[in-house]
Amino acid sequence: MHPMKILVSSTPFASLNVLYTLRSPSIIPPGFSTVCIENSWDPLQTWSKLNGLDEEKDAYYGAENGSYIYLNKSDGMWWVDTPDGGGKYVAPGGKGEGPPKDQGLWRELRGVKTPTPKVEYVE
């Protein structure tokens, strides 16, 4: 079961160091859609392939500022993306849990600097 809320801290990106809540997969993050359109990909088709649309299994985490975290079905990794849809960190997906709390499992994408995200589950 996924936790309802997670708090990310310790990254050098203020937009990622926020509270995230579980979101319906039917609501595609705006930044994800933007990246798809910029690359001539259909946002719904791409989101369906990478995240999924099943309300029970494919929920993701979204923040009020537009940052989001989702489990990419294509590579099996949790992705942490900024509001503009830019992927910054990835970590291996687990079985039925949320993003890993072990900071050592996260790695940077495209030359992003450390520290990697610290993830806490919030009640």
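Guide: Leaving aside neighbours within four places in sequence, Gly66 is in contact with Thr82 and Pro83. The model is predicted.

Visitor: What makes these residues count as contacts of Gly66?

Guide: Contact requires heavy atoms within 4.5 Å. Thr82 and Pro83 are in contact with Gly66, so they have heavy atoms within that limit.

Visitor: Where is Gly66 placed?

Guide: Gly66 sits in the loop between strand E3 (60–62) and strand E4 (68–72). Its C-alpha atom is separated by 24 Å from that of Leu105, 39 residues apart along the chain.

Visitor: Why is Gly66 called partly exposed?

Guide: Its relative accessibility is 23%. Buried means under 20% and exposed means over 50%. Gly66 falls in between, so it counts as partly exposed.

Visitor: How do you know which class Val122 belongs to, buried, exposed or partly exposed?

Guide: Val122 has 30% relative accessibility. That value lies between the 20% and 50% cut-offs, so Val122 is partly exposed. Val122 belongs to strand E8 (residues 118–122). With Leu7 and Leu19, Val122 makes a nonpolar surface patch of about 190 Å².

Visitor: Which residues have the most contacts inside the largest nonpolar core?

Guide: They are Ile6, Tyr20, Tyr61, Ile69, Val80, Tyr89 and Trp106, in a core of 14 residues. Strands E1 (5–9), E5 (77–81) and E6 (87–92) each give two or more residues to this core.

Conventions
Residues are numbered from 1 along each chain as its sequence is written. This is a predicted model: local features need pLDDT of at least 70, side-chain atom pairs count only at pLDDT 80 or more; totals for chains, interfaces and linings use all residues. Side-chain values use heavy atoms; hydrogens and water are left out. A nonpolar core is a set of buried Ala, Val, Leu, Ile, Met, Phe, Trp, Tyr and Cys residues joined through side-chain atoms within 4.5 Å. Buried means under 20% relative accessible area, exposed over 50%, partly exposed in between (1.4 Å probe, protein chains only). Helices (H or I, at least four residues) and strands (E, at least two) are DSSP runs, numbered from the N terminus. Patches are made of residues with over 30% relative accessible area and no salt bridge: like charges are joined within 9 Å, nonpolar side chains (Val, Leu, Ile, Met, Phe, Trp, Tyr) within 5 Å. Accessible areas come from the Shrake-Rupley method with a 1.4 Å probe; for residues, only the protein chains shown count as cover. A salt bridge is a side-chain nitrogen of Lys or Arg within 4 Å of a carboxyl oxygen of Asp or Glu.
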